[in-house]
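Me: I am new to this structure and would like to go through it slowly, asking at each step how a label was reached.

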Amino acid sequence: MKHGIHFFDRSVLTTAIQDFTAVIKEDPSNAQARLYRGRAYAKQQRYRNAIQDLAAAVHLDPSCWLAFYYRGCILRQIDPKKAVQDFSVSVLINDTQENFCSFLHRGILYTEQRRWSLAICDFESVLALDSSVIFAYLNIGLILLLHLHQYSEAIQQFTNAIEMDPLNVRAYVCRAQAYREIHNLPNAVKDINRAIHLYPNKPQLCILRGQYLMELKKYELASLCIYQLAEMDEESFTSQPVQQALIQSFCQNHDKAIECLHEATATQLEPSMFVILGKIQMKAKKTKDAMRSFKKAMKLVMTSAKVLPKTFEAAEMYYLTGLCYMEQKSLLLARDAFSMAIRLHSSYPDAFYQRGLCRMQLRQAKCIRDFNRALALCPSHFQAYMSRAAYYGSKGRYAKAILNCNEALKILPNSVRAYFYRGTLKYQNKRFKAAIEDLSKTIDLNKTCILAYYNRAVCYHEIKDFRRALKDYGILLLLELSKEIAFKVLINRGLLYVELGDYANACEDFKEATLLSPDDSQIFQAIGISCYRLHEFEEAVRSFDQVLKLDPVSVDAYVGRGNSYMESGLEAGCKQAQKDFLRAIHLNPKCIKARICLGYNLQALGKLQRAWSQFTVAICIDPKCHAAYDGRASVCLQMGETFAAFQDTNAALKLTTTAPLLTNRGVINQLMGYLPCAMKDYQQAISVDPNYALAYFNAANIYFHNRQFSQAYCYYSKVLQLDPRNESAVTNRAITNTLLNNIEEAKEDFEKAICLCPFSAVVYFNRANFYNGLKQYELAEKDISTALSIQPNDALMYKFRADIRGKLGFNKEAVEDYKQAISIQEQTDSM
């Protein structure tokens with residue numbers, strides 16, 4: 001036995017086998033002799049004899065862990081299941097450092113069987129027994145990288161391998177790939193550089209470095225890599241057309257790459273060659289040629305029964321064909337190609353994902369199943385999460401879509417696309433502030449993301465943060481925009497200015513928008529409305545004319561032009577406006593706006609009964625139109641039907657409560673002599689809209705009437721805060737100050753009133769009264785004379801001037817004024 005072991009250790013296997021055979025003949029139950037002879041047979045590749053001897057050794061000595069181990073090693077290729085059992089028994093008998101190889105081999109078998117968690121456990125057991133086994137670190141890292149997509153954990157395993165062996169090239173290359181998966185390209189390039197430093201003549205390493213530099217957008221360095229590679233190993237690439245073609249394709253020389261592979265496929269009819277050719281043709285946008293290449297590859301891999309084998313390679317051919325069909329917009333054919341790929345290889349996440357995209361474009365609900373299946377096979381499939389988010393977003397299920405974006409961001413934390421889409425989903429879900437956060441993050445990651453600025457501006461607009469919205473729209477207009485987006489930006493900013501009441505800037509934006517879309521009638525409509533608000537009525541009429549040229553049946557344009565004509569204040573303008581309102585009603589007899597405008601037009605022309613009829617028709621069309629009730633109330637009031645006006649105003653207030661309506665009712669109550677009710681209405685109007693000046697003015701007048709001058713003074717002052725150019729309020733406050741003996745303030749108010757309305761006889765008359773009270777008769781006589789020059793046929797003012805002139809001693813002039821006053825009064829009485 002010792003003689004045989006001696007020759008076995010020195011690899012003199014024939015002599016060793018003879019010695020072990022002699023021992024077995026003498027002692028058939030010698031398990032050790034069986035073990036050694038079995039090992040010797042295995043070294044001679046006489047596996048059948050080796051398995052017989054090892055089986056006998058196990059039978060004779062069931063605790064012989066080495067027999068189980070060696071038999072497992074032989075059975076690895078021919079019977080993996082039995083091999084796993086043998087390794088398992090071996091480690092059960094001996095789980096010490098002495099038998100770590102059983103764990104190692106069993107881990108390899110588990111890896112081949114795609115039983116990832118069990119494989120990792122075995123490799124970890126190896127490391128627990130011997131932490132210097134680099135192979136175990138690498139295998140754990142590769143499983144985590146390629147199959148479980150746990151990139152950070154994989155990087156740690158490769159780092160452990162490098163710490164054990166700093167010269168291990170494979171560990172650097174694998175770690176570089178893991179860094180690439182988490183988009184840490186600078187570290188990936190560093191690791192590839194280290195690998196190239198260790199093995200400078202490995203062309204594959206230079207190719208990888210070029211790829212990573214391309215992804216870093218360092219195109220010059222990437223190109224330099226490829227040129228260096230070609231110079232370094234020119235003969236190798238000439239003899240390897242596939243390699244040469246890949247390099248040419250990488251350099252974007254697709255035509256040269258295709259030519260090279262065409263030459264190769266003429267002599268080498270290999271499926272892989274045609275697949276590579278097809279992929280390069282796809283990059284060159286020659287999809288029809290690519291499809292022909294994939295079909296040739298399929299024919300080559302078909303079995304004799306004309307059936308494709310169920311392998312990943314065959315499935316990939318159909319998958320790539322499906323991508324070509326998608327490029328050609330042949331969605332049904334693409335879907336069928338992806339289905340065939342799945343049939344050939346059921347664990348193909350990208351095929352499920354692409355089929356899901358096809359089905360989503362075909363509006364088939366089954367698409368969500370495909371996305372779910374893709375994620376079940378590959379939980380880190382970023383695109384699948386984003387497509388699923390798009391599907392749920394299209395169905396209005398925004399919360400679920402946002403959750404999918406969240407998952408996508410866990411995979412790619414700095415994805416511009418994911419942040420942008422999540423921001424738009426939050427906008428759709430009315431979560432504007434949250435949307436702004438995501439869109440701001442998008443802009444931080446990509447300063448020129450036009451759609452992010454646009455959507456953020458819309459969100460700011462929604463939350464009434466007009467300053468920031470205007471800033472974003474302004475930034476957008478500084479960027480290079482497509483015609484469509486520039487048009488939308490101008491329209492949105494114009495509408496924002498309208499909301500701010502800045503009609504001048506709004507008008508400028510709308511006018512610029514017309515240069516981009518000169519046939520859009522709605523823009524000219526907006527310009528017309530803006531000009532109307534700016535009191536540029538002639539310009540408004542021209543804009544509405546343009547609307548009617550583009551759209552001759554635009555009811556809104558007729559109404560807008562009619563209102564612009566009305567503002568001229570001339571009878572001709574009112575008649576022209578009437579024609580426009582009538583045309584609008586002819587086009588749409590149920591147009592409430594046109595009827596209300598026509599009602600006011602007829603009222604302005606003094607045709608009260610017809611005006612009343614128009615408002616009544618508007619009410620019949622829409623009994624809930626408060627504007628129609630308000631209009632009819634104003635006509636009733638003018639016709640002397642105070643109670644009818646009161647009823648209509650009440651009807652309007654039942655439909656809506658606004659400060660103008662309450663003020664109108666207060667005026668009616670005041671006319672009917674119900675001053676407490678009128679005051680109540682004015683106070684309510686103020687509570688509804690604290691900035692409605694007319695309510696304050698009317699309330700102040702009641703206070704003045706009731707001789708509550710302090711309160712009247714406060715309310716007139718409030719009116720002037722809200723409307724500084726209200727000459728009536730200034731005049732009334734001046735009179736109030738006079739009565740309150742606030743002489744200096746009264747003087748200031750009268751000066752303001754005259755500045756605001758220099759041709760108002762009433763203002764001069766009131767100031768003359770003021771000076772008369774102060775016994776400043778010369779100033780009083782000057783003001784009353786100015787009043788008479790403006791309004792010469794007023795008997796009261798002549799009498800007043802006669803009184804003042806009498807006090808000044810101008811008796812002759814005073815007598816003449818008295819005579820003139822009597823003459824005017826007699827003429828008035830006789831009429």
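Me: What makes Arg801 count as buried or exposed?

Reply: Please keep in mind that this is a predicted model. A residue is called buried when its relative accessible area is under 20%, and because Arg801 has 11% relative accessibility, Arg801 counts as buried.

Me: Which side chain meets that of Arg801, and why is the meeting called a salt bridge?

Reply: The partner is Asp817, with 2.9 Å from N to O. A salt bridge requires a side-chain nitrogen of Lys or Arg within 4 Å of a carboxyl oxygen of Asp or Glu, so the pair of Asp817 and Arg801 qualifies.

Me: How many salt bridges does the structure hold?

Reply: There are 33 salt bridges in the structure. One of them joins Arg355 to Asp370, whose closest N and O atoms are 2.8 Å apart, and this pair links distant parts of the chain, with Arg355 in helix α22 (residues 349-361) and Asp370 in helix α23 (residues 367-377), 15 residues apart. Both Arg355 and Asp370 are buried.

Me: What makes the pair of Asp438 and Lys426 a salt bridge?

Reply: Their side chains meet at 3.0 Å, N to O, and because the limit is 4 Å, the pair meets the criterion. Asp438 belongs to helix α27 (residues 432-445) and Lys426 to helix α26 (residues 416-428), so that this pair too links distant parts of the chain, 12 residues apart. With 4% relative accessibility, Asp438 counts as buried, and Lys426, at a relative accessible area of 9%, is buried also.

Me: Which residues are linked in a network of salt bridges?

Reply: The network links Asp545, Arg561, Asp580 and Arg583.

Me: How many disulfides are there, and how do you know?

Reply: The structure holds zero disulfides. A disulfide needs two cysteine sulfur atoms within 2.5 Å, whereas the sulfur of Cys367 is 11 Å from the closest cysteine sulfur, that of Cys358, which is too far for a bond. For Cys378 the closest cysteine sulfur, in Cys405, is 18 Å away, again too far for a bond. Cys367 is buried, its relative accessible area being 0%, and Cys378 is buried at 11%.

Me: Why is Cys73 called partly exposed?

Reply: Partly exposed covers the range between the buried limit of 20% and the exposed limit of 50%, and since Cys73 has a relative accessible area of 27%, Cys73 falls in that range. Cys73 is placed in helix α5 (residues 65-78), and, leaving aside neighbours within four places in sequence, Cys73 is in contact with Phe87 and His105. Cys73 and His105 are 32 residues apart in sequence, while their C-alpha atoms are 7.5 Å apart in space.

Me: How do you know whether Lys329 and Lys775 are buried or exposed?

Reply: Exposed means over 50% relative accessible area, so Lys329, at 66%, counts as exposed, and Lys775, at 62%, is exposed too. Lys329 is found in the loop between α20 (312-327) and α21 (331-344), and Lys775 in the loop between α46 (761-773) and α47 (777-790). Phi of Lys329 is near 65 degrees, a positive value in a residue other than glycine, and Lys775 has a positive phi of about 65 degrees although Lys775 is not a glycine.

Me: Why are α40 and α41 called roughly antiparallel?

Reply: The axes of helix α40 (residues 659-671) and helix α41 (residues 675-688) come within 8 Å and cross at roughly 170 degrees. Angles over 145 degrees count as roughly antiparallel, and therefore α40 and α41 are given that description. Residues making the contact include Leu662 and Val667 of α40 and Tyr682 and Val688 of α41, and the residues of this contact divide into nine nonpolar, five polar and two charged.

Me: What makes Ser521 a buried residue, and which residues does it contact?

Reply: Ser521 has a relative accessible area of 14%, and because buried means under 20%, Ser521 is buried. Ser521 lies in helix α32 (residues 521-533), and, leaving aside neighbours within four places in sequence, Ser521 is in contact with Val547, Leu550 and Asp551.

Methods:
Residues numbered from 1 in each chain as written. Predicted model: local features only at pLDDT ≥ 70, side-chain atom pairs only at ≥ 80, totals over all residues. Heavy atoms only, no water. Buried < 20%, exposed > 50% of the residue type's maximum accessible area, 1.4 Å probe, protein only. Axes fitted to C-alpha atoms, helices over the stretch in contact; angles between N-to-C directions. Helix = DSSP H or I, 4+ residues; strand = E, 2+ residues; numbered from the N terminus. Parallel < 35°, antiparallel > 145°, perpendicular 65-115°, else oblique. Contact = heavy atoms within 4.5 Å. Nonpolar A, V, L, I, M, F, W, Y, C, P; charged D, E, K, R; others polar.
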